[in-house]
Structures are given as C-alpha cells and as structure tokens.
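Subject: Structure handed over, with notes

Dear colleague,

I am passing on the structure we spoke about, and my notes on it follow below. Please read them with the structure open beside you.

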Amino acid sequence: MYKKILSQWQNEISKDMDKNPIMVLLKNGKLDIRHYKGFLLETFHHAGLNPQIQAFATMFLKGNPRDIIKMFYRHAASEVGHDLLALNDLVNLGEDPEKLSKTRPLPATIAFNSFPIYQIQ
C-alpha cells in the first residue's frame, strides 16, 4: 500500500514540476551558474526583510504573550545577516556587491515578501 501511495504522490509531483520551467531545466540538467546567481540574488532580497517581517508579526499577537514574543524576536535575530551570506556567495562568484545592493527584487520576490505582511495584518 505504501508503494502505491508513494507512486501516486510522485506522479502528482511530477505533473506539477513539469509545468514549472525552472524545474524542467533542473530535471534535464540544464541549470547553469546564471540560474544559481539569480536564485542567490532573490534570496538576498528576501532574507534582508525576513527578520523585520517576523518582528512585525508580534504587533498583532493578541493578549501580549511575552514568551511567544520573545521566541519571535530570538528567531528574527537569528535570521539577521542571512542576506549577507547570499551576497557573499555572489561576490565569490565574481559579482560586484555595490551593483547588487542597488538591484530591485523580481515581482515574484516582492510578492513573496509582501504576502506575509498582508496576512499578518
């Protein structure tokens, strides 16, 4: 029974992945350094806001649950600087950090950053 369920799940995942151009490139071994750099750049744009988004969420917790707020802030603080890890990887791949820091995120990354803010409120 497990093998049947696993097989059905794999078929469904394959259908979804075959609709995604990036996943098709990955499946066919066609991703290159440009794709990886693009991923790192969008990670840079997302990770730079992630701690602030987590802290913002605490404004909307009911009843001022201090233990939960502390947990949120501890986790948010642990995320600070992760954007710089992605930036450092890009620099190590030959990119100019000044140029990268002036770029804007792709619309999908803007949506990815904006949706939690919308949901939190």
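Which residues does A86 touch, leaving aside those up to four places away in sequence? Please keep in mind that this is a predicted model. The contacts of A86, counted in that way, are L40, T43 and F44.

A86 belongs to the buried residues of helix 6 (residues 82-92), which are D83, A86, L87 and L90. Viewed down the axis of helix 6, these buried residues fall within an arc of 100°, so they line one face of the helix. L85 and N92, by contrast, are exposed on the other side of helix 6. The cover over the buried residues of helix 6 includes helix 3 (33-47) and helix 7 (97-101). After helix 6 comes G94, which has a positive phi near 95°.

A86 also takes part in the largest nonpolar core, whose 7 residues are L40, L41, F44, A86, L87, L90 and L100. At least two residues of this core come from helix 3, and at least two from helix 6. As a general matter, nonpolar side chains in soluble globular proteins tend to be buried together.

Together with I33, F39 and L93, Y36 forms a nonpolar patch on the surface, and the four residues have about 380 Å² of accessible area together.

**Salt bridges**

The count of salt bridges comes to 4, and I describe some of them here. E95 forms a salt bridge with K37, with the closest N and O atoms 2.8 Å apart. Because E95 lies in the loop between helix 6 and helix 7 while K37 lies in helix 3, this pair ties together parts that are 58 residues apart in sequence. E95 itself is partly exposed, with a relative accessible area of 25%.

K15 forms a salt bridge with E12, and there the closest N and O atoms are 3.0 Å apart. Both K15 and E12 lie in helix 1 (residues 2-17), 3 residues apart, which is about one turn of the helix. K15 counts as partly exposed at 48% relative accessibility, and E12 is partly exposed with a relative accessible area of 45%.

D18 forms a salt bridge with K27, the closest N and O atoms being 3.0 Å apart. In this pair D18 counts as partly exposed at 42% relative accessibility, whereas K27 counts as exposed at 57%.

**A backbone detail**

One further residue may deserve a look at its backbone. N64 is not a glycine, yet N64 has a positive phi of about 55°. Most residues other than glycine have a negative phi. The position of N64 is in the loop between helix 4 (50-57) and helix 5 (66-79), and at 40% relative accessibility N64 counts as partly exposed.

With best wishes

Notes: Residues numbered from 1 in each chain as written. Predicted model: local features only at pLDDT ≥ 70, side-chain atom pairs only at ≥ 80, totals over all residues. Heavy atoms only, no water. Buried < 20%, exposed > 50% of the residue type's maximum accessible area, 1.4 Å probe, protein only. Helix = DSSP H or I, 4+ residues; strand = E, 2+ residues; numbered from the N terminus. Arc of directions from axis to C-beta. Contact = heavy atoms within 4.5 Å. Patch = residues over 30% accessible without salt bridge, like charges linked within 9 Å, V, L, I, M, F, W, Y side chains within 5 Å. Areas by Shrake-Rupley, 256 points an atom, 1.4 Å probe, with all protein chains shown as cover. Salt bridge = Lys/Arg side-chain N within 4 Å of Asp/Glu carboxyl O. Core = buried A, V, L, I, M, F, W, Y, C linked by side-chain atoms within 4.5 Å.
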